[in-house]
Amino acid sequence: MRSRTPDRLCAEAVDLARAAAEEAALPGTVGEHVQAVADGDRVVTHSFLCLDPAYRGWRWAVTVARASRAKNVTLDETVLLPGPDALMAPEWVPWSERLRPGDMGPGDLLPTDAEDLRLAPGWSGEDVPPPNSAASAASAVSEEMGRLAEAEDADVVPGSPAAQPAVPVRGTIAAVAEELGMRRARVLSRYGLHTAADRWDESHGAKTPMAQAAPASCVSCGFLVPIGGSLGQAFGVCANEFGPADGHVVSLSYGCGGHSEAAVMPKPPRPAPPVIDETLVDPLQLRSEPAGAEEDEELGHS
């Protein structure tokens, strides 16, 4: 147990502790003596301020000790420790918790946990256990992909989706499943559907400021592209290139000022056709008369 009262000789060995700290630190980076703390019987740790700008708030801790009935104090340990106001690196967070939407770039691989709650077992082939069984889910994901799912750096290896056959034989059950979109090892679970719907509704839903100020909702907009599946009952894709959600999944209750029927442009006015009177003849002068010709005729001159 730690003694409350530091040993007198060990507590007085400040010069010995400072010399040990200066030997371990860079020149001029050992500051003033802060305190002496008893770590046990005849064991004391002296703390000195660290003046290195890279270790602001840290302290040099030098532990000295004395043997029983001995008068000589010896050096035990010298280490740099963080103080109460030390600048320290944040706690390490696993990559699966650091990852945010939009972080992935070209060539990056994101391993999916075999027990991901967002996914459920799908159709994996013929002569296999039922799709809803745990054995089917285990067979859908290869052992190699299961191992890579626990690693931060994954590579495309045999057994990954990139190595699966692309086109099944025509007329087989696999071909029918491919056409129906069922030839996948896993599909979205009910939890995955709900989390996706909540995320989409939060970004492009009825409660957004854009939807609140919209003249109408997307359900009546001509730019809405319907989607299939159960999510198609509440969502679609915006195809208005001038809208704020172009190319995004939007809720049917979402809306913006680019609604197809919000403000129809009036047709430009057409001018009246020209009126042509074909009953009269307008004389047209084909050539100009010389100056003074009309005056000569009036005076009788030839």
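Which residues make a nonpolar surface patch of about 220 Å²? The views below concern a predicted model, in which local features need pLDDT of at least 70 and side-chain atom pairs count only at pLDDT 80 or more, while totals for chains, interfaces and linings use all residues. Residues are numbered from 1 along each chain as its sequence is written, and side-chain values use heavy atoms, without hydrogens or water.

**View 1. The nonpolar surface patch.** Val34, Leu49 and Leu51 make this patch. Patches join residues with over 30% relative accessible area and no salt bridge, nonpolar side chains within 5 Å and like charges within 9 Å; a salt bridge places a Lys or Arg side-chain nitrogen within 4 Å of an Asp or Glu carboxyl oxygen. Areas are from the Shrake-Rupley method with a 1.4 Å probe. Leucine 51 lies in the loop between S2 and S3.

**View 2. The two sides of helix H2 (residues 14-24).** Ala17, Ala20 and Ala21 are buried (under 20% relative accessible area). They lie on the same side of H2, because their arc around the axis is only 100 degrees. On the other side, Asp15 and Glu23 are exposed (over 50%). The buried residues of H2 pack against strands S1 (30-40), S2 (43-50), S3 (58-66) and S4 (73-82). Helices (H or I) are DSSP runs of at least four residues, and strands (E) of at least two.

**View 3. The loop between strands S8 (235-238) and S9 (249-251).** Glutamate 241 has its place in this loop and is exposed, with a relative accessible area of 61%. Glycine 258 is 17 residues from glutamate 241 in sequence and 9.3 Å away in space, C-alpha to C-alpha.

Methods: Buried means under 20% relative accessible area, exposed over 50%, partly exposed in between (1.4 Å probe, protein chains only). The arc is that of the directions from the helix axis to the C-beta atoms. Contact means heavy atoms within 4.5 Å.
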